[in-house]
Amino acid sequence: MDTFEHYQLLKNDQGNYIELGRGSMGVTYKAEDTSLRCYVALKVIAASLLGSRKAEERFLREARSAAQLRHRNVASVFHLGKRDESFYYVMEFIDGETVDQLVRRDGRMDCLVALEIAEQVACALIAAEKSHLVHRDIKPSNLMVVRESDGDLLVKVIDFGLVKSAIVQDNSMDALTVGGFVGTPYFASPEQLEQKEEDVRSDIYSLGVTLWYMLTGKPTFSGSVASVIAQHLDRPPPFESLALLPSEVVAVLRQMLEKDVARRVQSPTELRAALKRCIDDLRGSASATRATSPGRGYEAVELSSSRGLSPQPAVGSVPKGRSWLWVTTGIGAAAVLFGGAAAVWKSLDPRPQDVAAPVSAASAKRASKSPAVALSPQRGMPWRNTLDMSFVPLGDIHMAVLETRVRDFEAFVQATDYDAEGGMSSTIRREGFERRNLSWKFPGFPQTPDDPVVGVCWEDADQFCAWLTKRERAEGAITAFQRYRLPTDREWSEAVGLLNEEGVTPEERGGRLKGVAMPPSEGAGNYAGEESRQDAPGSWNFLKGYRDPFPRTAPVEAAPANAFGLRGLGGNVWEWCLDHFNQSTNWRVLRGGSWATSRPQEMLSSYRRGYDPLFRMDDVGFRCVIAPEVGQP
């Protein structure tokens, strides 16, 4: 039965219940609260595992205690119930990935990222300590990582439903555990394994093993369960394997992993302070490196966010006091100089860091073209990937200089056999929208390999980014915590100089149009000028008095560069953005106008269009960004 009071278990396309996690205590499912119409996580725990009436009472008491814990770094428990012979409780649904999933897929984490995750878990333990609660199962699979809408990293500790009260007075109740032990041996404290008295310092030890796991890709000890338990009790962790980590980080780990409780970090407040010192020291070192080489003739502006899952671009450069709109300028093709080389955190490659990762033939060839091009995106520096796509730093991302080309998309289709050929419409109407034999391969007009790919929907663009991420991680071209994706609506605005736009959604922001009178100056972009009348019906709309050299799409490098060195943000093709257009539909966002654009308001940099993510048109394309991993807006 899939219904628990007003909670409905959800199924996948194969008709199976969607599992979010499975452990010795039970299974966690994705469910819907049918009253509030929102997703929840529902954990079902078999009564047979509890074993006795006293165990049942303990479970109820501890789950109720956990429900009182409210903190931004803790997944809230808000319902407890019993159905047939099973207990269940309902938690906040976290749309993210666990630390365990991230490390298993991508290898060890960047040092700063791991410290930031541990620091947020310490905050959760501070809140738990105030409520006299001990988690007893801090481990990578119980830490969820999500990216908030403002770009910040957020960690949520889950499974606070089976905590232990630190002020339990009934000793007989304390002795009741599932199978004689609560927790995971690989991440358990010595006192926990010996079933001695536990307090928050036990959670600190488990967090120490978890931090070790994030930094190295494996726990402190390995082997059989019996061997791991023995090592936790009697053997010091192999600190010699951490020789490449900053000494202050190793020092904190030593304090967290003390087997003697009295010598361990004594409180999560003390731990958080120590972690913050490490984070500040690492950031300070990076800032000092950046400060040694400021950009010439520009004001250096710190654009990177304070939190992130990958090396952040450290410094961007923008002209002092200047803003621009691509519709009005016609800026020359001079490239922006990005000042300063920034220090880069160690790669997340799971191989030992003192062994150089092998360089692929494609990467070596790319590097040989210019000594200024690094093998992976670095802070504040332009970069070129294995497809010879160029990127420049913009805030905490690298944005593609050019729109995605026909040859880039062709490489994707050839490698994957992805079908992107269904239902493309033609902007030039003859007897309505043309759908006969039109696709990105044959859009109805000739294209060169260096023209922007058209006829791709949002889903096609998203699949291209996923493929390129996988390809370049395998090549060693990007780190395991970087990925390709579409730019967000706000990132796209930043790229054209629109900062601090008002409005919650792209639809609301697009309602506040900014620009100047039309038509634009000649050569400002590839729009529907008089040249676009070629092979068009008599009813074709165009800009009278305006002309550019291209009746349809233009090679992507033909457009002038703006102050960031980005080309083609106005005209040529509409570009997909990552966001939903509004909060009431599944539409996605298009920006920038195209070769078919003739309406003045659509040529403004602030204009947005919303369309279904499966919409394909012969004047719609996209460009990519390289961004920190985790979640989607």
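**Overall organisation and selected local features of the predicted model**

The chain contains 15 helices and 25 strands, where helices (H or I, at least four residues) and strands (E, at least two) are DSSP runs numbered from the N terminus. The structure is a predicted model, in which local features need pLDDT of at least 70 and side-chain atom pairs count only at pLDDT 80 or more, whereas totals for chains, interfaces and linings use all residues. Residues are numbered from 1 along each chain as its sequence is written, and side-chain values use heavy atoms, with hydrogens and water left out. Of the 633 residues of the chain, 55% count as buried; buried denotes under 20% relative accessible area, exposed over 50% and partly exposed in between, with a 1.4 Å probe and protein chains only. Among contacts (heavy atoms within 4.5 Å) with a separation of 6 or more, 67% involve residues 24 or more positions apart.

Helix α4 spans residues 111–130. Its 20 residues reach 29 Å from the first C-alpha to the last, close to the 28 Å expected at 1.5 Å a residue, the expected span being 1.5 Å times one less than the number of residues. The helix is mostly covered, with 18 of its 20 residues buried. At its start, a side-chain oxygen of aspartate 110 comes to within 3.0 Å of the backbone nitrogen of leucine 112. Histidine 132, which follows α4, has a positive phi near 60°.

Helix α7, residues 200–216, has 17 residues and a reach of 24 Å between its first and last C-alpha, close to the expected 24 Å. Because 17 of its 17 residues are buried, α7 is largely enclosed by the rest of the structure. Tyrosine 205 lies in this helix and is buried, with a relative accessible area of 0%. Leaving aside neighbours within four places in sequence, tyrosine 205 is in contact with Ala188, Ser189, Pro190, His232, Met256, Leu257, Glu258, Lys259 and Arg264. The C-alpha atoms of tyrosine 205 and alanine 188, 17 residues apart in sequence, lie 7.4 Å apart in space. The side chains of tyrosine 205 and histidine 232 are joined by a polar contact of 2.9 Å; such a contact is a pair of N or O atoms within 3.5 Å and, within protein, one must be able to donate a hydrogen and the other to accept it, while residues adjacent in sequence count only if both atoms are side-chain atoms. Just after α7, glycine 217 adopts a positive phi of about 85°.

Helix α12 (residues 406–416) and α13 have axes that come within 10 Å and cross at roughly 75°. Axes are lines fitted to C-alpha atoms, for helices over the stretch in contact, and angles run from 0 to 180 degrees between N-to-C directions. The two helices are therefore roughly perpendicular, a class covering 65 to 115 degrees, with angles under 35 counted as roughly parallel, over 145 as roughly antiparallel and the rest as oblique. Asp408, Phe409, Ala411, Phe412, Ala415 and Thr416 of α12 meet Asp460, Gln463, Phe464 and Trp467 of α13.

Serine 439 is found in the loop between β18 (424–425) and α13 (458–475) and counts as buried at 3% relative accessibility. Its side chain reaches the backbone nitrogen of lysine 441 at 3.1 Å. Not counting residues up to four places away in sequence, serine 439 touches Glu421 and Met424.
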